[in-house]
Amino acid sequence: MPELKSFTREEVAKHNIEGDCWIIIDSEVYNVSTFADMHPGGAKLLIEFGGQDVTDDFYGLHRQEVLIKYAPKLRIGTISGEKTKVKIAQPGDISAVPYAEPSYWMGFKSPYFNDSHTEFRKALRNIYSGIRAEALQCEEAGKNPSSEIYQFLGSEGVLATQIGPGPWLKGLKLPSGIKGEDFDYFHELIAHQETGRLGAPGFADGISSGYSIGLPPVLNFGTAAMKAKVVPEVLSGKKRICLAITEPYTGSDVASIRTTAVRTADGKHFIVNGVKKWITNGTFSDYFSVAVRTEKGITMLFIERDDNIETKPIKTSYSAAAGTSYITFENVKVPVENILGKEGQGFQVIMYNFNHERWYICGSITGGTRDVIEDCFKWANQRKVFGKRLIDQPVIRNKLASMVSQLEAVENWLENITFQMCNMSYAEQSVKLAGPIALLKYQCTRVAHNVSDDACQIFGGRGITRTGMGRSIEAFQRTYKFAAILGGSEEIMADLGVRQAMKQFPKGARL
Ligand SMILES: Cc1cc2nc3c(=O)[nH]c(=O)nc-3n(C[C@H](O)[C@H](O)[C@H](O)COP(=O)(O)OP(=O)(O)OC[C@H]3O[C@@H](n4cnc5c(N)ncnc54)[C@H](O)[C@@H]3O)c2cc1C
Ligand code: HEM
């Protein structure tokens, strides 16, 4: 890094030609003489601005990360007697931009959160900022998250934060050093929100979506031997697991699956045949929690990868980093001890984690929605059109009002539901929360839809451009629908929510 010197504005103004070009950004001086030829926006343009203060123009065209990346090479000094005004985001920072964080982190009192949640959020954000560059590269190139990164997340305890509190957390190292026994659903909510904020949706699903739905059937219904082997392998990131239920013939209607498992003559094995579609993380998983049909009905089986299992990538609207796959099981031999729960009772195993899965999707989609709103506030404040900032236009303020009020409403509902999860037994949650969680998921994804639409209008052409200022808006727009389909689609969620409500409808109630 060049040694930083102090300059006057007059001195900088003299460096304004090709080969000798300096600019001022936020009271700091950059020598772009050599860089100009490599500048993605063009050399000529940069030289035209030589010797000038380009702060507003710079932030109208570049994300702050451009400066963070190039400053070590290009910054040569500061303007004497001036202080920088733009805050450079640091890893783990809690944002001060309005509505960029849930209300507790914006200074509100909360009955739910405490310092341990703040420390946990900061630690996780810090870990994620260390892998963000690689995450964005994987997202763009469609590369699977590497085993190194996966094992790093395992060793930091990040993987373990996404499957709920429970005995499996005992003794594990977790972000911020929180003890497994102190970890609650609010910590887990933060974990899903922070993953949703990564800005790399395919990569985020690549590191978290397979095991967070594939491992719970093992945790809750696996044999002791299976758990002792599989759980540490998966939580440390050494092995990967996914959940395979959906088939080309059937998605929402789980009861119609056709994959078969037939017992061998000696009764010791099942022979599994069938196909599964859209299985997240399937392309790189070692283990599969699979819904099959046996002579006794729908059954869940734990299956280890072997040569009779083929996993082909399926191209979807997000990155292949998610490992979305088409799986073919052809005469796969599975020991009968690998039944998860009881034969013929697979539906209960599938249902067991549905509330948790849907709730976690609410966490990650609200995290992503909030990230979009933060970008919109920043952009509306720094983009100037017709000589005014966008935020000075009432129409833009109205869009922000609509986005914020919708997100805050679902966030408050989400926190309320999370509190119930912390304080109800599993049995009570099953009775009371299935309907509200379904309706909450429905509403969270409707809000994501509305926010995505408004955000795209606020960003204009950049909202539909993969690189640059609108990068997160474009990615969100292309991918928020995943949350509206996975784990139960909007229509199914709305229907389930009202059906559950009607179960409690008092027989004698009349208008
Ligand atoms: C990227 C991706 C990843 C996925 N990951 C996994 C995974 O890891 N594991 C896994 O098992 N599955 C996975 N799925 C499958 C996912 O769970 C299903 O797509 C989902 O359940 C919907 O099923 P379907 O797409 O077959 O739609 P269908 O069931 O064919 O439904 C089509 C449409 O009709 C609507 N509809 C259906 N029934 C009704 C009704 N009764 N009333 C009103 N409307 C109705 C639905 O809402 C939907 O909009 C994934 C899917 C995708 C796209
Ligand atoms: C330290 C100084 C600068 C650096 C390191 C820098 C770097 C970059 C980078 C990396 C990009 C690509 C961004 C992306 O696609 O996400 C870019 C684009 C661009 N830059 Fe710069 N830049 C600097 C200064 C300037 C200045 C002073 C101007 C003019 C005011 C300018 C104008 C542009 C333009 C017009 C683009 C294209 C934006 C677009 O595609 O919408 N840059 N710059």
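# Chat about contacts, ligands and a cavity

Colleague: Which side chain does the side chain of Glu101 make a polar contact with?
Modeller: That of Arg125, at 2.6 Å. A polar contact is a pair of N or O atoms within 3.5 Å; within protein, one must be able to donate a hydrogen and the other to accept it, and residues adjacent in sequence count only if both atoms are side-chain atoms.

Colleague: What should I know about the model before we go on?
Modeller: It is a predicted model: local features need pLDDT of at least 70, side-chain atom pairs count only at pLDDT 80 or more, and totals for chains, interfaces and linings use all residues. Residues are numbered from 1 along each chain as its sequence is written, chains are lettered from A and ligands numbered from 1 in the order in which they are written, and side-chain values use heavy atoms, with hydrogens and water left out.

Colleague: Back to Glu101. Where is it in the fold?
Modeller: Glu101 sits in the loop between strand 5 (75-79) and helix 5 (115-141). Helices (H or I, at least four residues) and strands (E, at least two) are DSSP runs, numbered from the N terminus.

Colleague: Is Glu101 buried or exposed?
Modeller: Glu101 counts as buried because its relative accessibility is 1%. Buried means under 20% relative accessible area, exposed over 50%, partly exposed in between (1.4 Å probe, protein chains only).

Colleague: What else is in that loop?
Modeller: Tyr99 is in the loop between strand 5 and helix 5. Its relative accessible area is 38%, so Tyr99 is partly exposed. Its phi is near 60 degrees, a positive value in a residue other than glycine.

Colleague: What about phi of Asn281?
Modeller: Asn281 has a positive phi too, near 75 degrees. Asn281 is in the loop between strand 8 (269-279) and strand 9 (287-294). With a relative accessible area of 2%, Asn281 is buried.

Colleague: How many residues apart in sequence are Tyr99 and Val404?
Modeller: They are 305 residues apart in sequence. In space they are 7.0 Å apart, C-alpha to C-alpha. Val404 belongs to helix 13 (residues 394-423). Val404 counts as buried, at 9% relative accessibility.

Colleague: New topic. Which residues come nearest to ligand 1?
Modeller: Thr246, Ser252, Trp278, Ser489 and Glu491, out of 16 residues around ligand 1. A residue is near a molecule if one of its heavy atoms lies within 4 Å of it.

Colleague: How do the polar atoms pair up there?
Modeller: A polar side-chain atom of Thr246 is 2.6 Å from a nitrogen atom of ligand 1. For Ser489, a polar side-chain atom lies 2.4 Å from an oxygen atom of the ligand. An N or O atom in the side chain of Glu491 is 2.7 Å from an oxygen atom of ligand 1.

Colleague: And how many residues surround ligand 2?
Modeller: There are 19, and the closest are His39, Leu45, Leu46, His62 and Gly468. Gly468 has a backbone N or O atom 3.4 Å from an oxygen atom of ligand 2.

Colleague: What kinds of residues form that shell?
Modeller: The shell divides into 13 nonpolar, four polar and two charged residues. Ala, Val, Leu, Ile, Met, Phe, Trp, Tyr, Cys and Pro count as nonpolar, Asp, Glu, Lys and Arg as charged, and the others, Gly among them, as polar. Strand 3 (20-25), helix 2 (43-48), helix 3 (55-61) and helix 4 (64-74) each supply at least two residues of the shell.

Colleague: Next, cavities. How many are there of 30 Å³ or more?
Modeller: One. On a 1 Å grid over the protein atoms alone, a cavity is a set of points where a 1.4 Å probe fits but cannot get out; lining residues have an atom within 4 Å of a point.

Colleague: How much space lies in the largest cavity?
Modeller: About 70 Å³. Grid points are joined across faces, edges and corners, and a volume is the space filled by probe spheres set on the points.

Colleague: Which residues line the largest cavity?
Modeller: Ile213, Pro217, Leu243, Ile245, Met300, Val349, Ile350, Asn353, Phe354 and Glu357. Helix 11 (346-352) and helix 12 (354-382) are the elements that give two or more residues to this lining. Eight of the lining residues are nonpolar, one is polar and one is charged.

Key:
1 Å grid on protein atoms, 1.4 Å probe; cavity = no way out; pocket = protein on both sides within 12 Å on 5 of 7 lines; lining within 4 Å.
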